[in-house]
Amino acid sequence: MAASSTAAILAAAVVAVISLLLASTSSASSRSFSAAADGAATNTEFIRTSCSATAYPQLCYSSLAVHATKIQTSAKLLATAALDVSLASARSTSAAMARLQQSQGLSPRETAAMRDCLEELGDSVDLIRQSIDEMKPINKAQPNGSFSAHFEMMISDVQTWVSAALTEESTCNDGFVGKSMAAGEMKTVVRGEIETIAHLTSNALALINAYATHHL
């Protein structure tokens, strides 16, 4: 009888310990999930707030929120991601326009506009890619400790190049404006794509300027 009681007590104790362990694991998992959710919310709110200072905040947020986990709350990573998005858009549009240029039935004016725009988009792609490369070493310590001067020089180059890229995109778009350009689906689609690229680049420049202001 005593042995039976002892066994029952031990069994109850084991069950209690297991229950405590399971409860502890569940609680830790809940806290971990809650922390991850809070972090994700913080990241997206950071992007939303930063984008509110751009010329096209809705486009800014929608194009960058998908990169929230990578960006976190880093102004540098946000600006770099904005450049990446602009670069990808410019490349894909340029490729589509190159195929469209081979279409039959384009007027001489349209053919010339397409040719000029492709050249300008090519320049824009080069400038944005150059800007992304320049952003990578920013924040790394300099041998002589002159971080401020080094940062100012590098960020100034990036601002200049992205501004030039935006000019190229605007010039491309201007080529499809005017009475001499035939109306139609091609014109509407091309202008829409170019305007999107220009808006993305404008947003990227605004985020770069905000990053520079915060650090200088």
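Modeller: Please keep in mind that this is a predicted model. In it, Cys117 and Cys172 are both buried. These two residues form a disulfide, with their sulfur atoms 1.5 Å apart.

Colleague: Which helices hold Cys117 and Cys172?

Modeller: Cys117 belongs to helix 5, which covers residues 108–135, and Cys172 belongs to helix 6, so the pair ties together parts that are 55 residues apart in sequence.

Colleague: What is a disulfide, in general terms?

Modeller: A disulfide is a covalent bond that links the sulfur atoms of two cysteines.

Colleague: And how many disulfides does the structure hold?

Modeller: The structure holds two disulfides. Besides the bond between Cys117 and Cys172, a disulfide joins Cys51 to Cys60, with an S to S distance of 2.0 Å. If the bonded cysteines of the protein chain are numbered in sequence order, the pairing reads 1-2, 3-4.

Colleague: Are Cys51 and Cys60 buried or exposed?

Modeller: Cys51 counts as buried, at 1% relative accessibility. Cys60 is buried too, with a relative accessible area of 1%. The cut-off for buried is under 20%.

Colleague: What is the handedness of the disulfide of Cys51 and Cys60?

Modeller: The torsion about the S-S bond of Cys51 and Cys60 is about -65 degrees, so this disulfide is left-handed. For Cys117 and Cys172 the torsion is about -45 degrees, so that disulfide is left-handed as well.

Colleague: Let us change topic. How many helices and strands are there in the protein chain?

Modeller: The protein chain has seven helices and zero strands. Read from the N terminus on, its elements run α-α-α-α-α-α-α.

Colleague: And which residues touch the most other members of the largest nonpolar core?

Modeller: They are Leu64 and Met97, in a core of 46 residues. The elements that give two or more residues to this core are helix 1 (2–51), helix 2 (57–64), helix 3 (68–71), helix 4 (75–100), helix 5, helix 6 and helix 7.

Colleague: What does Leu64 touch, leaving out residues up to four places away in sequence?

Modeller: Leu64 touches Ile47, Cys51, Ile71, Leu78, Ala81, Ala82, Val85 and Leu207.

Colleague: Now the rings. How many aromatic pairs does the count come to?

Modeller: The count comes to one aromatic pair. Phe151 and Tyr211 form it, edge-to-face, at 5.5 Å centre to centre and with 75 degrees between the planes. Phe151 lies in helix 6 (residues 147–174) and Tyr211 in helix 7 (residues 185–215), so the pair ties together parts that are 60 residues apart in sequence.

Colleague: Are Phe151 and Tyr211 buried or exposed?

Modeller: Phe151 counts as buried, at 1% relative accessibility. Tyr211 likewise counts as buried, at 1% relative accessibility.

Colleague: Where does the charged end of Arg48 sit?

Modeller: The charged end of Arg48 sits over the ring of Tyr61, at 4.1 Å from the centre of that ring.

Colleague: Finally, the whole chain. What percentage of its residues count as buried?

Modeller: Of the 216 residues of the protein chain, 33% count as buried. The protein chain exposes about 12100 Å², and carbon and sulfur atoms supply 60% of that area.

Technical notes:
Residues numbered from 1 in each chain as written. Predicted model: local features only at pLDDT ≥ 70, side-chain atom pairs only at ≥ 80, totals over all residues. Heavy atoms only, no water. Phe/Tyr/Trp six-rings, centres within 6.5 Å; stacked < 30°, edge-to-face > 60°. Helix = DSSP H or I, 4+ residues; strand = E, 2+ residues; numbered from the N terminus. Buried < 20%, exposed > 50% of the residue type's maximum accessible area, 1.4 Å probe, protein only. Lys NZ or Arg CZ within 6 Å of the ring centre and 35° of its normal. Disulfide = S-S within 2.5 Å. Areas by Shrake-Rupley, 256 points an atom, 1.4 Å probe, with all protein chains shown as cover. Core = buried A, V, L, I, M, F, W, Y, C linked by side-chain atoms within 4.5 Å. Contact = heavy atoms within 4.5 Å.
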